[in-house]
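Subject: Structure handover

Hello,

Here is the structure I promised you. Please open it and keep it on screen while you read my notes.

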Amino acid sequence: MANSIPYSILDISPIPQGFTAADALRNSLDVAQHAEKWGYTRYWVAEHHNMTGNASSATAVLIGYIAAGTSHIRLGSGGVMLPNHAPLVIAEQFGTLESLYPGRIELGLGRAPGTDQMTARALRRDLLGSDDRFPQDVRELQHYFGPLQEGQSVKAIPGINTNVPIWILGSSLYGAQLAAHFGLPYAFASHFAPEQLLEAMKIYRDLFKPSAQQAKPYAAFVMNVVAADTDEQAQHLFTTLQQNVVRMRRNTRGQLPPPIANLDEFCEPHERATADHALQVSVVGSFETIKKEMRHWLDLTGANEIIFTGQIHDHQARLRSFEIAAQAAQSL
């Protein structure tokens with residue numbers, strides 16, 4: 001069936017309680033292989049560090065692993081946190097990936113560290129790559145991916161002439177403005193920071209300047225999806241993500257917990273309200289329920305693409321959720 005709108009996956013390679021990072025990484029490959037069959041456009045992995053529940057810290061390495069086990073789905077970062085890295089290193093990594101898997105690699109860039117400040121210092125000790133340098137670092141990356149310039153002394157090899165597509169990612173208005181100014185596609189992290197989603201989408205479209213990479217604005221937003229055969233099953237599975245958000249607010253992060261029967265026994269009413277606010281861009285339920293909610297958010301945002309993310313403790317239930325999400329997206 002031809003899809004009316006592209007739909008994709010953002011994965012943080014969650015480590016469920018009782019399992020290992022190796023299990024999580026193998027699960028990510030399995031999800032990507034199924035996503036390819038289910039018509040997903042792209043499969044992105046997110047860079048996080050010093051988090052016991054996420055296995056996606058070595059983003060480029062994980063992309064290479066998934067690329068080797070798939071055949072045509074586009075693969076990329078959602079994103080590489082550029083302040084943590086020298087642009088030349090990222091250009092070489094993604095230039096290598098593009099050389100090995102031509103036409104399938106893309107680079108989503110964020111300006112947050114993706115971790116705490118102490119870990120950020122450990123990642124890039126001199127801190128020259130602060131978020132204040134983010135626009136210059138993006139330009140530097142574009143330079144490394146482009147054609148060799150006369151007199152160019154520093155080269156990304158592989159990297160030159162690979163023209164790896166760059167996306168700007170964000171959870172505030174800054175990223176929308178930068179993506180528009182540079183004429184790059186834009187993705188908003190509304191799965192955990194929904195407050196400025198609609199304003200950011202409007203600013204991006206209003207300020208967009210065409211570029212060599214992108215003639216017209218192209219915007220996506222990230223949505224939590226927990227789908228199951230019944231609404232009740234999905235709501236039960238969703239308690240895993242709700243617990244995770246509450247634990248983040250308590251600064252008691254850990255591996256991905258199993259679902260629970262009664263969330264109100266786990267947290268206070270104000271904690272539940274905070275989690276509900278953070279997770280408002282979520283679709284939870286059976287096929288018909290999530291299809292209706294997807295349509296609602298697409299109409300609100302005017303986005304060109306939906307990117308689904310799903311943190312579910314049981315791997316088979318997670319696969320089933322992404323399968324139902326694909327069927328719903330195809331039917332919009």
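First, a term you will need: helices here are DSSP runs of H or I with at least four residues, numbered from the N terminus. Please also keep in mind that this is a predicted model.

**The second largest pocket**

Start with helix α5, residues 134-145. This helix gives four residues to the lining of the second largest pocket, the most of any contributor. In total, 15 residues line that pocket. Nearest its centre lie Gln142, His143, Gly146, Asn163 and Ala212. The space inside comes to about 280 Å³. What is the lining made of: how many nonpolar, polar and charged residues? Seven are nonpolar, seven are polar and one is charged.

Now go to strand β1, residues 7-11. Strands β1 and β2 run parallel, and three bridges join them. Look for Ile9, which stands opposite Tyr43 in β2. Between these strands the chain passes through helix α1, residues 21-37. This β-α-β crossover is right-handed.

Next, β2 pairs with strand β3, residues 74-81. That pairing is parallel too, with four bridges. Val45 has Ser77 in β3 as its bridge partner. To get from β2 to β3, the chain goes through helix α2, residues 59-68. Here as well the β-α-β crossover is right-handed.

**Aromatic pairs**

The structure holds eight aromatic pairs. I picked two for you.

One is formed by Tyr40 and Phe308. Their centres are 6.4 Å apart, with 80° between the planes, and the pair is edge-to-face. Tyr40 lies in the loop between α1 and β2, and Phe308 lies in strand β9 (residues 305-309), so the pair ties together parts that are 268 residues apart in sequence. Both Tyr40 and Phe308 are buried.

The other is Tyr186 with Tyr204. Why is this pair called tilted? The ring centres are 5.4 Å apart and the planes stand at 35°, so the pair counts as tilted. Tyr186 and Tyr204 are buried.

Ring pairs link Tyr7, Tyr40, Phe308 and Phe322.

**The cavity**

How many cavities of 30 Å³ or more are there? The count is one. The largest cavity has a volume of about 50 Å³. Its lining includes Ser13, Pro14, Pro16, Ala24 and Asn27. Ser28, Ile312, His313, His315 and Arg318 are also among the lining residues. Helix α1 gives the most, with three. By type, the lining of the largest cavity has four nonpolar residues, five polar and one charged.

Please find each of these places in the model yourself.

Best wishes

Conventions
Residues numbered from 1 in each chain as written. Predicted model: local features only at pLDDT ≥ 70, side-chain atom pairs only at ≥ 80, totals over all residues. Heavy atoms only, no water. Pairing = 2+ DSSP bridges. Helix = DSSP H or I, 4+ residues; strand = E, 2+ residues; numbered from the N terminus. Right-handed = clockwise from strand over helix to strand, strands pointing away. 1 Å grid on protein atoms, 1.4 Å probe; cavity = no way out; pocket = protein on both sides within 12 Å on 5 of 7 lines; lining within 4 Å. Points joined across faces, edges and corners; volume = space filled by probe spheres on them. Nonpolar A, V, L, I, M, F, W, Y, C, P; charged D, E, K, R; others polar. Phe/Tyr/Trp six-rings, centres within 6.5 Å; stacked < 30°, edge-to-face > 60°. Buried < 20%, exposed > 50% of the residue type's maximum accessible area, 1.4 Å probe, protein only.
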